[in-house]
Amino acid sequence: MSRPLVVFTDPEELDVGPGVRLLTDAGFDTRVVGSRDPDAIAAAARDAVALIVGYAPVDAALLDRLPGVGMLATMSAGYDMIDTAQARRRGLWVSNLPHAATEDVAVHALASALSLVRALPQADATVRGGGWNTEFAALPRRAGELTLGLLGFGRIARVLARIAAPVFGRVAAYDPHADAAGWPDGVERLGLDELVAASDVLSLHTPLTPQTRGMVDAVLLARMRPGALLVNVARGELVEAAALLAALDSGRLGAAALDVFPVEPPPLDDPLRSHPRIQLSPHSAYLSDASQRAYVCAPAENVIAWHRTGRPLTPVVDPTLEGAPS
């Protein structure tokens, strides 16, 4: 009897070895495509029972070419790369990794925020250029007198609120979907307009949906405090790039820290790469030695559990339920 096949689509820089070993020991064969190209994925996974997906788009056209696939496991907390409505329509399970890098992303967001607050990129450039602290354009503000605003209040934002509370004078959040009963003490719950107007640092933690795509636009940026700071470790498409650049150029926005971009990697001539008041990181907020293992092992564990029990460990689409997430 042939062993069931699991295909890794685009693990990017991740070492899939630990996940492959888990699957092999559990009785699976594996293949690694190393590409987001749908033709390459379809060719490699034509006889697969499950896909483990990085950022490769999995849409109806690709699913039509993979009749044997019953399970889609993402290597991330986000799963917007998968057309979940089409997956559910075909009776497919979809799982994600809700906890693989929660602490890492929260720490990266805090580090980015504090780097902007303390003007560390400018300080570094000043010293490297032969200058000293008398050449700062403006003095950094004391973090204990500032408000950190969290747009979205899921797992990552809640960890960020906890670790940022001793540093910032005030922490506030907006999330229309968060349960009021579980709202932690010490974090003010504000409406969107209130949060944007009150935040000295606004950190984005909302998923990418049709409703949130481009929500940080010229109108929202105009409501921010003059000189406020923006941090995005969520999804690049939440922010309208042209509006962000205009707000920075006008001085309305003091600076921004971006770990995510509308196109990744951004083209070499993308003005986001070269703007002097944007601090950049290469979609690396999730990276750590611990998360590297989790990102390949946890999807494998989801596939193994699904194959053995009929249900993955962390499903986001359950095709057996009416009205499963899509």
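Is Tyr-286 buried or exposed? Tyr-286 is buried, with a relative accessible area of 12%. Buried means under 20% relative accessible area, exposed over 50%, and partly exposed in between (1.4 Å probe, protein chains only).

**Ground rules.** This is a predicted model: local features need pLDDT of at least 70, side-chain atom pairs count only at pLDDT 80 or more, and totals for chains, interfaces and linings use all residues. Residues are numbered from 1 along each chain as its sequence is written, and side-chain values use heavy atoms, with hydrogens and water left out.

**Exercise 1.** Find the strand order and the edges of the open sheet of seven strands.

Solution. 
- Start with the terms. Helices (H or I, at least four residues) and strands (E, at least two) are DSSP runs, numbered from the N terminus. Two strands pair if DSSP finds at least two bridges between them.
- Read the order: S8-S7-S6-S9-S10-S11-S12, with parallel pairing.
- Pick out the edges. Strand S8 (188–189) and strand S12 (278–280) each pair on one side only.

**Exercise 2.** Describe the surroundings of strand S11.

Solution. 
- Take S10 (residues 228–232) and S11 (residues 253–258). They pair in the parallel sense over five bridges.
- Locate residues. Ala-228 stands opposite Leu-253, and Leu-229 faces Ala-255.
- Follow the chain. From S10 it passes through helix H10 (residues 241–250) to S11, a right-handed β-α-β crossover. Right-handed means that, with the strands pointing away from the viewer, the path from the first strand over the helix to the second runs clockwise.
- Turn to S12. Three bridges join S11 to S12, which run parallel. Ala-256 has Ile-278 as its bridge partner there.
- Six of the six residues of S11 are buried, so the strand is largely enclosed by the rest of the structure.

**Exercise 3.** Classify the two aromatic pairs.

Solution. 
- Rings of Phe, Tyr and Trp (its six-membered ring) pair if their centres lie within 6.5 Å; planes under 30 degrees apart count as stacked, over 60 as edge-to-face and the rest as tilted.
- Phe-153 and Trp-183 are tilted: 4.5 Å centre to centre, 35 degrees between the planes.
- Phe-153 lies in the loop between S6 and H7 and Trp-183 in the loop between S7 and S8, so the pair ties together parts 30 residues apart in sequence.
- Phe-153 is buried at 2% relative accessible area. Trp-183 is buried at 13%.
- Tyr-286 and Tyr-295 have ring centres 5.2 Å apart and planes at 80 degrees, so this pair is edge-to-face.
- Tyr-295 is buried too, at 8%.
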